[in-house]
Amino acid sequence: MGQPHDPLVHFRYARPPISHWRKAPCKEVECDGYKYGWITAVPVGSDLEDLVRHHKTARFWKEERRDGGLVCFWFSPGQTCFNAHKSDHYVPNGAPPLYIRKTDGDSKVIEHERWEDELHHGLDRVEKIYQRGG
Ligand SMILES: [Zn+2]
């Protein structure tokens, strides 16, 4: 005598990067480069040196040649850093999260209210099963 099939249900919410985040400037995310400035050291005469000199976002620096064939670029605070494309330069865009219910491998985005109701209903059932000893 088996129990009727009781599907495993997962509830989660998500903020996918493509629809729920936007790129934000260094000033807004207060990245370390913007707040404190930074030093970029590259080999003299290299493509990297060229890249630093002509990077569209870098504006003000002092430079210093070092032993070992390095040139150090000292960037003062308040400038757009070289990491502005990385994930720490994104912020939530204010879109409400997606509420997702997954049953037997089938994921569906459902309304928030319904998601909460179904989640609470599921938790009540789990609690009853737990109280009667499995
Ligand atoms: Zn930055």
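Strands β4 and β5 form a hairpin in this predicted model. Three residues lie between the two strands, and in the turn Gly68 has a positive phi of about 85 degrees. One of the facing pairs brings together Arg66 and Leu70, the latter in β5.

In general, the strands of a sheet pair through backbone hydrogen bonds, in either a parallel or an antiparallel arrangement.

The other pairing in this sheet is that of β3 with strand β5 (residues 70–75), which is antiparallel and extends over six bridges. Trp74 of β5 stands opposite Ile39, and Phe73 of β5 stands opposite Thr40.

A second open sheet is built from β1, β7 and β8. Its three strands follow the order β1-β7-β8, and the pairing is antiparallel. Here the edge positions are taken by β1 (9–14) and β8 (106–110); each has a single partner strand, so one side of each is left without a neighbour in the sheet. From one strand to the next, the twist averages 25 degrees.

Within this second sheet, strand β7 (residues 98–103) pairs with β8 in the antiparallel sense over five bridges. Lys102 has Ser107, in β8, as its bridge partner. Helix α5 (residues 112–131) lies across β1, β7 and β8, and runs at about 45 degrees to β7.

Domain 1 is made up of residues 1–24 and 92–134, whereas domain 2 covers residues 26–83. The centres of domain 1 and domain 2, taken over C-alpha atoms, are separated by 46 Å.

Taken as a whole, the secondary structure of the protein chain comes to five helices and eight strands. Along the sequence these elements follow the pattern β-α-β-α-α-β-α-β-β-β-β-β-α. The radius of gyration of the chain is 26 Å, well over the 14 Å that the globule rule gives for 134 residues, and the chain is therefore more spread out than a compact globule. Along the principal axes, its C-alpha atoms fill a box of roughly 80 × 30 × 25 Å.

Two further values describe the chain as a whole. Of its 134 residues, 6% count as buried. Among the contacts between residues at least 6 apart in sequence, 65% join residues at least 24 apart.

Methods:
Residues are numbered from 1 along each chain as its sequence is written. This is a predicted model: local features need pLDDT of at least 70, side-chain atom pairs count only at pLDDT 80 or more; totals for chains, interfaces and linings use all residues. Two strands pair if DSSP finds at least two bridges between them. Helices (H or I, at least four residues) and strands (E, at least two) are DSSP runs, numbered from the N terminus. Axes are lines fitted to C-alpha atoms, for helices over the stretch in contact, and angles run from 0 to 180 degrees between N-to-C directions. Two residues are in contact if their C-beta atoms, placed from the backbone, lie within 7 Å. Domain bounds come from an automatic or database domain assignment. The radius of gyration is taken over C-alpha atoms; the globule rule is 2.2 Å times the number of residues to the power 0.38. A residue is buried if 20 or more other C-beta atoms lie within 10 Å of its own, exposed if 12 or fewer, and partly exposed in between; C-beta atoms are placed from the backbone.
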